[in-house]
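Welcome to this short tour. Have the sequence and the 3D view ready, and take the stops one at a time.

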Amino acid sequence: MDWFSAPEYWWSRLLFQRGLAAVYLIAFLVAANQFRALLGKHGLTPAPRFLAHTPWRRAPSLFHLRYSDGLFTAVAWTGVAVSAALLAGVGDAVPVWAAMAMWLLLWLLYLSIVNVGQVWYAFGWESLLLETGFLAVFLGNARVGPPIVTLLLLRWLLFRLEFGAGLIKLRGDRCWRDLTCLYYHHETQPMPGPLSWWFHHLPRPLHRAEVAANHVTQLVVPFGLFLPQPVASVSAGLIIVSQLWLVASGNFSWLNWMAIILAVSALDLSALLGSGTIATGPIWYQVLVLAAAALLVALSYRPARNLVSRHQLMNSSFDPLRLVNTYGAFGSVTKVRHEIVIEGTDDTDPGAGTLWREYAFKGKPGDPRRLPPQIAPYHLRLDWLMWFAAMSPLYAHPWLLALLGRLLAGDRHVLALLRADPFPGKPPAYVRALLYRYRFTTVAERRATGAWWHRTLVEEFLPPVALRHSVRSPDGP
């Protein structure tokens, strides 16, 4: 079966697998560090409560068998350990069946987390990681040549990721069609990065050129992935360059890095680094690869139909295992940035003269003088949801009131999600939430004040609240 393997993609596969293992490692670290506050037994949206009302067929997960915070911890840290082993090259040192088992275990563990993750895991890059991770199971290791059908399915995934994002823009906000969206996007994106202020202040003609280049990269270039080399490699290279530009301009978790990793799998590096083994592997391996490919091709019907639909869905899964999905981002662009600022006070009878102290978040804008940090590819789930909540109170249900309650109770797991606790000795008597309008300072304002942001109070988002009866913190006796 000489047609089965493509040894010229041996190095591309190696780089793809190492990159994917690194993303898995980060994803499981995020889960290990944040789940108790968000999804634990005493979390803002407890997973046990979700599992009690959600059948297995809707959200397949190991946690349907049994849930405990200890088991979630074990799942997350097992994922970290297996990801680290694959990153270190263990997958290439074992038989192909063992490597497949390691990749399958990562997929199963992360699927179990995502399917109980509720609003905290409702991001397109979760499904993207799972779909890519499932394909990695059938990509083999150093002992066999990369299967051609799996490589083509990786390109099909990258095509849907890029082309779907391009179509959702053209069908969405008018500013994508008149090339003006980047007048606003760098300032209003969910999590600006340390270079976003400078990107925002680029000349407007350059912003228009950025949008035009984005349309070409997402709507034209992806078709080149299916053409012979070197066209496929050139197309993949253009996608990598465009994604690195996005990495520099903002924080989008591991979304951009996943696109880069997928594009790497389409590069033919044999002229530079040579080819690897041409072995096709045992017959059972070939049968499994072809069977998985047939399944994924069949499941591609609805996502493919979605691409050409007038009512294109964005970041949706058509099966509970998230094997083939639809993607897209920023079909509409926010023109004005709002931020929720949470404050607390020791005053037991707050009034006009009350001193309120602000809770500082790790990533989202708060202190106007703080440079937006580089967070990605790490993912701050609470910070991202705060951005959505500022757009509408509907996005804040039901977790924001629970968050305020945990702050009043001094919950150490929730406080660990924040950059600083303004009440380190004793929880506040009251907390409240204010809505501010944020904008980047001008060059002159930045020079005069040293601030990166200018903010103006819009309204009180939530009035002062207190614990009216004794509430035991999950960390208490």
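## What counts as a pocket

A pocket here is an open set of grid points with protein on both sides within 12 Å along at least five of seven lines, and its volume is the space filled by probe spheres set on those points. Rolling a probe the size of a water molecule over the atoms shows where empty space is left. Please keep in mind that this is a predicted model.

## The largest pocket

Let us begin with the largest pocket, which holds about 1200 Å³ of space. Its lining is made of 46 residues, and those closest to the centre are K169, F252, L255, A329 and F330. By class, the lining has 28 nonpolar, 15 polar and three charged residues.

Which helices supply at least two residues each to the lining of the largest pocket? They are α6 (124-137), α7 (148-171), α9 (185-188), α11 (204-219), α12 (231-249), α13 (255-264) and α17 (381-391).

## Regions named in the record

An unreviewed UniProt entry gives residues 121-269 the annotation "domain: Lipase maturation factor 1/2 N-terminal". In the model this span is 64% helix and 0% strand, and 35 Å separates its end C-alpha atoms.

The unreviewed UniProt entry also lists transmembrane regions at residues 20-39, 67-88, 148-168, 231-248, 254-274 and 283-301. How much helix is there in two of them? Residues 20-39 are 95% helix and 0% strand, with end C-alpha atoms 25 Å apart. Residues 231-248 are 100% helix and 0% strand, and their end C-alpha atoms lie 26 Å apart.

## Aromatic rings and charges

A pair of aromatic rings is described by the distance of the centres and the angle of the planes. In this model, 36 aromatic pairs are counted. Ring pairs join F123, W125, W384, W387, F388 and Y395 into one cluster.

K335 is placed over the face of Y184, 5.5 Å from the ring centre. The charged end of R455 lies over the ring of Y436, at 4.6 Å from its centre.

Most residues other than glycine have a negative phi, and most peptide bonds are trans. Where does the model depart from this? Q229 and P230 are joined by a cis peptide bond, with omega about 10 degrees, and P230 belongs to the loop between α11 and α12. H397 and P398 are also linked by a cis bond, with omega near 0 degrees; P398 is in the loop between α17 and α18 (399-409).

For R322, phi is near 55 degrees, and its place is the loop between β1 and β2 (325-326).

Are these two residues buried or exposed? S253 counts as buried because its relative accessibility is 2%, under the 20% cut-off. R322 is buried as well, because its relative accessible area is 18%.

L153 is part of helix α7 and is buried, because its relative accessible area is 11%.

W453 is found in strand β8 (residues 453-465). This residue is buried because its relative accessible area is 3%.

Methods: Residues numbered from 1 in each chain as written. Predicted model: local features only at pLDDT ≥ 70, side-chain atom pairs only at ≥ 80, totals over all residues. Heavy atoms only, no water. Phe/Tyr/Trp six-rings, centres within 6.5 Å; stacked < 30°, edge-to-face > 60°. Lys NZ or Arg CZ within 6 Å of the ring centre and 35° of its normal. UniProt positions renumbered as here; feature names shortened; annotations may be inferred. Helix = DSSP H or I, 4+ residues; strand = E, 2+ residues; numbered from the N terminus. 1 Å grid on protein atoms, 1.4 Å probe; cavity = no way out; pocket = protein on both sides within 12 Å on 5 of 7 lines; lining within 4 Å. Nonpolar A, V, L, I, M, F, W, Y, C, P; charged D, E, K, R; others polar. Buried < 20%, exposed > 50% of the residue type's maximum accessible area, 1.4 Å probe, protein only.
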